[in-house]
Amino acid sequence: MLEDNGIYKLKRYFALALDPIHVGTGGYRIGRVDNTIVREPATGIPKIPGTTIEGCCRSYAYLKLKEDVKNINIHCAKGKPKSETEQPCGSCEICITFGYTKRDKSMQALALFSDARILFFPVATMIGPVWITCPMVLKDAGMMNFPEPSDNEFIANKNLERLLTEEGGKYILNFGWLILKGNVEEINVNLPKSEEIENILNRIVIVPDELFSTIVNSNLEVRTSIAIDPETGTVEEGALFTYEAIPRGTVFWLDVIYQNPKNFQLNEWNTELIIKTVEDGLKLFEFLGVGGMGSRGFGRLKVIGEFLPFDKYLEALEKRLEILRKKHKNDKIQAICNYLKNIKSEYTNWIEKIEEIINKFCR
Ligand SMILES: [Zn+2]
């Protein structure tokens, strides 16, 4: 937790691309690429917009809840009315966490998502893949105490020293087509423990801010594909197209701000319940992916972070049940009881605590 006060909690997550990631700008044509991806306007560095993360997270959190509860309203998945009679409920975990619009009422989201921005970007070099970053990116991600490279030079992690070639007192390394001189130093960055990221941290190279965007943009994946006419199943005429993507192995960072529901007159809710809903969604990015072209093996993203422990969630749920009992909201209590009975077998480590809550609140 980065910040925690009565108004909101701020949590930072990291994410590793398990596939190339393509979040398109909507298909207009720039140069040789037909399907370009979203970029930061100031730097030209590709990113995944917060709205994309939020949209996927909502759908996946809905799927998770549906699996556990089974009778959740389908219009809560979108949060918008489809017709007079087909409306989101406005009172479930999904509506409260991600906001909703109904005929007579609407509410903003309690969870606010930042863009997912690139932290470490993989580049092929003569010593194998390295992951580049730069001082600006590290500072934005809240990292401190890292060495800063001189103009047009790199600083490689000390672990890479034995692999590098020396020339005139400096090491040299190519980043795609660009060759730079540089030095080695100990680079320590603070990330949550994760097996997948361990190897990446050993192969970090810091490049100057001015070169980061250039190296990233010249090392994106560009692929050519053909469009199939969905009606005939044959190749469309003139249907050869190219698209770009952020490569597999890229590491991103993103923040989620969790606003305190009590400040929105949602007294039965608490922040932990909002965090749990979002994190259930984020955990499914690893399997269901973000962005376009999912059917072409794109978009799976493993989110890494200090997720809310399950016992903290159960405590938060118990607090909600106590408030619901005081207000005699028996149908809501019943719904939570059904949910707890459904998930009991999935969480064998917590079965005693779950049964304790069931005995206390459920009939
Ligand atoms: Zn709902």
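Author: Begin with burial: a residue is called buried when its relative accessible area is under 20%, exposed when it is over 50%, and partly exposed in between. The model discussed here is a predicted one.

Reader: Why is Lys 9 called buried?

Author: Lys 9 has a relative accessibility of 14%. The limit for buried is under 20%, so Lys 9 counts as buried.

Reader: What makes the contact of Glu 272 with Lys 9 a salt bridge?

Author: The closest N and O atoms of Glu 272 and Lys 9 are 3.6 Å apart. A salt bridge needs a side-chain nitrogen of Lys or Arg within 4 Å of a carboxyl oxygen of Asp or Glu, and the pair at 3.6 Å is therefore counted as one.

Reader: Which parts of the chain does that pair tie together?

Author: Glu 272 lies in helix 6, residues 271-283, and Lys 9 in strand 2, residues 8-17. The parts they tie together are 263 residues apart in sequence.

Reader: What makes Arg 320 and Glu 268 a salt bridge?

Author: Their N to O distance is 2.6 Å, and the cut-off is within 4 Å, so the pair is a salt bridge. Arg 320 is in helix 8 (residues 310-326), while Glu 268 is in the loop between strand 16 (251-259) and helix 6, so parts 52 residues apart in sequence are tied together. Both side chains belong to buried residues.

Reader: How are Glu 286 and Lys 302 classed, as buried, exposed or partly exposed?

Author: Glu 286 has a relative accessible area of 22% and is partly exposed. Lys 302, at 18%, counts as buried. The two classes follow because the limit for buried is under 20%. The side chains of Glu 286 and Lys 302 meet in a salt bridge at 3.6 Å, N to O. Glu 286 lies in helix 7 and Lys 302 in strand 17 (residues 301-304), so this pair ties together parts 16 residues apart in sequence.

Reader: What joins Glu 318, Glu 322, Lys 353, Glu 356 and Lys 360 into one network?

Author: Salt bridges that share partners join these residues. The structure holds 26 salt bridges.

Reader: Why is Leu 288 called partly exposed?

Author: Leu 288 has a relative accessible area of 44%. Leu 288 is found in helix 7, residues 285-288. Together with Leu 63 and Phe 287, Leu 288 makes a nonpolar surface patch of about 310 Å².

Reader: Which residues gather in a patch of positive charge on the surface?

Author: The patch consists of Lys 262, Lys 319, Lys 327 and Lys 329. Of these, Lys 319 is found in helix 8.

Reader: How do you know that Asn 145 and Gln 265 count as exposed?

Author: Asn 145 has 74% relative accessibility and Gln 265 has 66%. Exposed requires over 50%, so Asn 145 and Gln 265 both qualify. Asn 145 lies in the loop between helix 3 (135-140) and strand 9 (153-157), and has a positive phi of about 60 degrees although it is not a glycine. Gln 265 is in the loop between strand 16 and helix 6, with a positive phi near 55 degrees.

Reader: How much of the chain is buried?

Author: Buried residues make up 52% of the 363 residues.

Notes:
Residues numbered from 1 in each chain as written. Predicted model: local features only at pLDDT ≥ 70, side-chain atom pairs only at ≥ 80, totals over all residues. Heavy atoms only, no water. Buried < 20%, exposed > 50% of the residue type's maximum accessible area, 1.4 Å probe, protein only. Patch = residues over 30% accessible without salt bridge, like charges linked within 9 Å, V, L, I, M, F, W, Y side chains within 5 Å. Areas by Shrake-Rupley, 256 points an atom, 1.4 Å probe, with all protein chains shown as cover. Helix = DSSP H or I, 4+ residues; strand = E, 2+ residues; numbered from the N terminus. Lys, Arg positive; Asp, Glu negative; His and termini not counted. Charge placed at Lys NZ, Arg CZ, Asp CG, Glu CD.
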